[in-house]
Amino acid sequence: MVLLFAVFLLTLLVFTAVAIVRTSDLFVAVMLSGIFSLLMAANFFVLDAADVALTEAAVGAGITTVLFLGALALTAERERVVTKARWLSLGVVTLMTLVLIYATFDTPRLGDPNAPVHQHVAPWYLQQTPALIDVPNVVTAILASFRGYDTLGEVFVVFTACIGVLLVLGTRTDDSVLRQARRLDTERQGLRHHLIPRIVAPLLIPFIVLFGLYVQFHGDFGPGGGFQAGTLIAAGIILYALVQGESAALRAVPRAALMGLVVGGTLLYGLVGMAGIVLGGNFLDYAVLAADPVAGQHLGILLIEAGVGMNVCGALLLIFHAFAAR
Amino acid sequence: MVAVIIDGLSWALLTAGAAFVFVGGLGALRLPNFYTRMHAASLTDAMGTILILTGIMLQSALSLPTIKLLAILGFLLVTGPTASYALANAALLSGLRPEADSIEHQG
């Protein structure tokens, strides 16, 4: 039954991918890429990777679509038609496809217990997590503690990406943005003339943010964590910006606060790592943060997940505002 | 005995829901213009969701999943029609007139 679902979803994925390549309307391509992400999320869920599925659904199908639409508003809606033959790229793609197909002959069967990935460090993680960290969700234990160094790297990637987008699209002071937004608002007023979304969205936003906080703090026990929670909360605020207008969202959560979230979240993660050294352990070793090593791990994971959530939420909203302000 | 009745009821609801989703999908593909297609698609949102989620709720007895499904149902019942409304309103504002005899020719 699972195999049937997987084949069905993967077939739809291929159709969607071909449709994305074939369409010349970029708006359609953006919508299709949202569908692609949603199918991918379902696929991850079928494979029991609930954490990844949640991330893919929130980031891929949700925020990325909004950011793409923001980018489309700044550029043309149709793809530039390239007429000259592209034999080189066709050759490279064909070669890559053949290499990848050849590589699949060596991949282990789905769920094979003898696959290298299940023989390397995974058994150790599964065995040691209850004793060392004692959280039910092993994914969180690996992501936040065992491989905390990698996650720190990811946080810095988000941080750097945010700085890059702000440098390219330009940062303006709150005043000029607010003034411009006010001018736009008098013309268009966000979605203000749409009565029903204006009534419904404020009803939903508290629940979206509440769910985000639940995902943030429940990450030790179930699927979730800082990345997903930051995205969900950012989505709630973007919904507010879409319905009530850009300036209302900036009044509710000003740009300085968002900067603080991005920088503060990254700093918090780094400082928790440094605290490990100061208290006599290794970098990102949470066991020394409290008298009891397991309690120390819990505290460390809670703090760095909070750092990740702040960083992701602030970065996404800053990027969204950078697009919207143009 | 009760279990059989609940199972049967759940089966009937799921089948009816699937039928609505199918009709919605068919309509979205086959109906002539934007507004009629949207009307068909909103069938999937409204009746399809209600029937299928109620069917699943009957399967899960009275437990935590039932309450979660109820919450999902409430969420979808609020957001689905709102999204349909926003879509139709956006189409209307961008100048697409709902005319009874208009047929869009897809190129």
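Among contacts in chain A between residues at least 6 apart in sequence, what share joins residues at least 24 apart? The share is 70%, where two residues are in contact if their C-beta atoms, placed from the backbone, lie within 7 Å. This is a predicted model, in which local features need pLDDT of at least 70 and side-chain atom pairs count only at pLDDT 80 or more, while totals for chains, interfaces and linings use all residues. Residues are numbered from 1 along each chain as its sequence is written, and chains are lettered from A and ligands numbered from 1 in the order in which they are written.

**Overall layout of chain A**

- Chain A has 14 helices and zero strands; helices (H or I, at least four residues) and strands (E, at least two) are DSSP runs, numbered from the N terminus.
- The C-alpha trace of chain A spans about 60 × 50 × 40 Å along its principal axes.
- Chain A contains 326 residues, and 32% of them count as buried. For the burial terms used here, a residue is buried if 20 or more other C-beta atoms lie within 10 Å of its own, exposed if 12 or fewer, and partly exposed in between, with C-beta atoms placed from the backbone.

- Chain A is divided into domain 1 (1-118) and domain 2 (137-326), with bounds that come from an automatic or database domain assignment.
- The C-alpha centres of domain 1 and domain 2 of chain A lie 26 Å apart.
- Where the domains of chain A meet, 13 residues of domain 1 are in contact with 17 residues of domain 2.
- On the domain 1 side of that meeting in chain A there are nine nonpolar, three polar and one charged residues. Here Ala, Val, Leu, Ile, Met, Phe, Trp, Tyr, Cys and Pro count as nonpolar, Asp, Glu, Lys and Arg as charged, and the others, Gly among them, as polar.
- Between chains, six residues of chain B are in contact with five residues of chain A. The chain B side divides into three nonpolar, three polar and no charged residues.

- Helix 6 and helix 7 of chain A pack at an angle of about 90 degrees, with their axes 10 Å apart. Axes are lines fitted to C-alpha atoms, for helices over the stretch in contact, and angles run from 0 to 180 degrees between N-to-C directions.
- That angle makes helix 6 of chain A roughly perpendicular to helix 7 of chain A, a term for angles of 65 to 115 degrees.
- From helix 6 of chain A, Tyr125(A), Leu126(A) and Thr129(A) meet Val138(A), Ala141(A), Ile142(A) and Phe146(A) of helix 7. By class, this contact has six nonpolar, one polar and no charged residues.

**Helix 3 against helix 11**

- Helix 3 (residues 50-74) and helix 11 (residues 226-244) of chain A pack at an angle of about 35 degrees, their axes 9 Å apart.
- The residues of helix 3 of chain A that meet helix 11 include Leu54(A), Ala58(A) and Val66(A), and those of helix 11 include Phe227(A), Leu232(A) and Ile238(A). The contact holds ten nonpolar, four polar and no charged residues.

**Two leucines in helices**

- Leu239(A) is found in helix 11 of chain A and counts as partly exposed, with 18 C-beta neighbours inside 10 Å.
- Leaving aside neighbours within four places in sequence, Leu239(A) is in contact with Ala201(A), Ile205(A) and Ile208(A).
- Leu303(A) sits in helix 14 of chain A and is partly exposed, with 18 other C-beta atoms within 10 Å.
- Leu303(A) and Gly265(A) are 38 residues apart in sequence, yet their C-alpha atoms are 9.5 Å apart in space.

**Two loop residues with positive phi**

- Most residues other than glycine have a negative phi.
- Asp48(A), in the loop between helix 2 (26-46) and helix 3 of chain A, has a positive phi near 70 degrees. Asp48(A) is exposed, with 10 other C-beta atoms within 10 Å.
- Leu284(A), in the loop between helix 13 (255-278) and helix 14 of chain A, has a positive phi of about 65 degrees. Leu284(A) counts as buried, with 23 C-beta neighbours inside 10 Å.

Note on methods:
Parallel < 35°, antiparallel > 145°, perpendicular 65-115°, else oblique.
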